[in-house]
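Biologist: Could you take me through this model step by step? I would like to begin with the terms.

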Amino acid sequence: MGKLTDLLRLAQQRAQEMKLPYAGALTPAEAYEVWQLAPGAKLVDVRTRAEWDWVGRVPGAVEIEWMGYPGNQPNPHFLTQFRREVDPEALVMFMCRSGARSDKAARAATEAGYRSCYNVLEGFEGDRDAHHQRNRIGGWRHAGLPWQQG
């Protein structure tokens, strides 16, 4: 089997173990590798505009807010915006700050008929450490994957 097949099989195995309703769950490093290997794959960053502007963005990611800022209200146009940006046949990976909003987005996209939805575990910033700070335990940035700020 090829590397892409192995990564997706591992992600699907995690989904079964975690009882997830979507195709799979990937670590940031695995998601980046899948993104490089799978033609037409999309990384959808569902953080807020404030997070993209102030914390950092992933070059080439599709940016669609799951929750709006300020106010932290659900984006009522998420699925409409998502459908405009992502082909229903595409392999799509969702990422947020820590993996919670992206889980909800993967669930919503799956319910809307997308079959190849994956959540990026740990998200962009990872979990908080003992000092309640992010970017030190897990996450896209901590893994040294491409991102930019400003």
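Modeller: Helices (H or I, at least four residues) and strands (E, at least two) are DSSP runs, numbered from the N terminus. This is a predicted model, in which local features need pLDDT of at least 70 and side-chain atom pairs count only at pLDDT 80 or more, while totals for chains, interfaces and linings use all residues. Residues are numbered from 1 along each chain as its sequence is written, and side-chain values use heavy atoms, with hydrogens and water left out.

Biologist: What does UniProt place at residues 37-136?

Modeller: The unreviewed UniProt entry gives the feature "domain: Rhodanese" there; such positions are in the numbering used here, feature names are shortened, and annotations may be inferred rather than shown by experiment. Over residues 37-136 the chain is 27% helix and 14% strand, and the end C-alpha atoms lie 27 Å apart.

Biologist: Next, the sheet. What is the order of its strands?

Modeller: The order is β1-β5-β4-β2-β3, in an open sheet of five strands with parallel pairing. Two strands pair if DSSP finds at least two bridges between them.

Biologist: And which strands stand at the edges?

Modeller: Those are β1 (24-26) and β3 (62-63); each has a single partner strand, so one side of each is left without a neighbour in the sheet.

Biologist: How many bridges pair β2 with β4?

Modeller: Four bridges pair strand β2 (residues 42-45) with strand β4 (residues 92-95) in the parallel sense. On β3, two bridges make the parallel link to β2, and V62 of β3 stands opposite V44.

Biologist: Where does α1 lie on the sheet?

Modeller: Helix α1 lies across β1 and β5 (117-120), running at about 115° to β1. Axes are lines fitted to C-alpha atoms, for helices over the stretch in contact, and angles run from 0 to 180 degrees between N-to-C directions. Helix α2 packs on the sheet too, touching β1, β2, β4 and β5, and its direction makes about 105° with that of β1. Contact means heavy atoms within 4.5 Å.

Biologist: Which residues of α1 and α2 meet?

Modeller: K3, L4, L7, L8, L10 and R14 of α1 meet E30, E33, V34 and L37 of α2. Helix α1 (residues 3-18) and helix α2 (residues 28-37) pack at an angle of about 135°, their axes being 10 Å apart.

Biologist: Changing topic, which residues does the cis peptide bond join?

Modeller: It joins Y69 and P70, with omega about -5°. P70 is in the loop between β3 and α4 (78-85). Most residues other than glycine have a negative phi, and most peptide bonds are trans.
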